[in-house]
Amino acid sequence: MSGPLTVNAGGTLAGQGNISGGVLVASGGVLAPGAAVPFSTLNANGDVSFQPGSVFRVNANAAGQNDKLAVTGSATLTGGTVNVLAGGSFAPSSSTAYKI
């Protein structure tokens, strides 16, 4: 997919793969790399910016698996929300690390 892309209010950019260009997630928009296949990676070849009111949604489990957004430029979360979807009996240890 080529960009730059804008995820507007009510829209969701989901899945795995590559985006050639930047991404802007506007207020009310959602970026969810693992919505289709949990624990997958969405690559953005450019900058990614989350505006106030936007959502970055990731799946995570106690084993340390999680969705990822890999960005070659800068990633900016300006007033947006990180929403972690933890399924089952989520009980990670204090040493479990997540890189989203």
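## Exposure of Y98

A residue counts as buried under 20% relative accessible area, as exposed over 50%, and as partly exposed in between. In this predicted model, Y98 has a relative accessible area of 32%, so Y98 is partly exposed. Y98 sits in the segment that follows β11.

Y98 also belongs to a nonpolar surface patch.

Four strands make an open sheet. Their order is β2-β5-β8-β11, and the pairing is parallel. The edges are held by β2 (12-14) and β11 (81-86). Each has a single partner strand, so one side of each is left without a neighbour in the sheet. On average, neighbouring strands are turned by 20° against each other, direction ignored.

## Strand β8 and its partner β11

Strand β8 covers residues 55-60. It runs parallel to β11, and six bridges join the two. Which residue of β11 is the bridge partner of V58? It is V84.

## N59

N59 lies in strand β8. Is N59 buried or exposed? Its relative accessibility is 16%, so N59 counts as buried; the cut-off for buried is under 20%.

The side chain of N59 has a polar contact with the backbone of G34. A polar atom of that side chain lies 3.1 Å from the backbone oxygen of G34.

How values were computed. Residues are numbered from 1 along each chain as its sequence is written. This is a predicted model: local features need pLDDT of at least 70, side-chain atom pairs count only at pLDDT 80 or more; totals for chains, interfaces and linings use all residues. Side-chain values use heavy atoms; hydrogens and water are left out. Two strands pair if DSSP finds at least two bridges between them. Axes are lines fitted to C-alpha atoms, for helices over the stretch in contact, and angles run from 0 to 180 degrees between N-to-C directions. Patches are made of residues with over 30% relative accessible area and no salt bridge: like charges are joined within 9 Å, nonpolar side chains (Val, Leu, Ile, Met, Phe, Trp, Tyr) within 5 Å. Accessible areas come from the Shrake-Rupley method with a 1.4 Å probe; for residues, only the protein chains shown count as cover. A salt bridge is a side-chain nitrogen of Lys or Arg within 4 Å of a carboxyl oxygen of Asp or Glu. Buried means under 20% relative accessible area, exposed over 50%, partly exposed in between (1.4 Å probe, protein chains only). A polar contact is a pair of N or O atoms within 3.5 Å; within protein, one must be able to donate a hydrogen and the other to accept it, and residues adjacent in sequence count only if both atoms are side-chain atoms.
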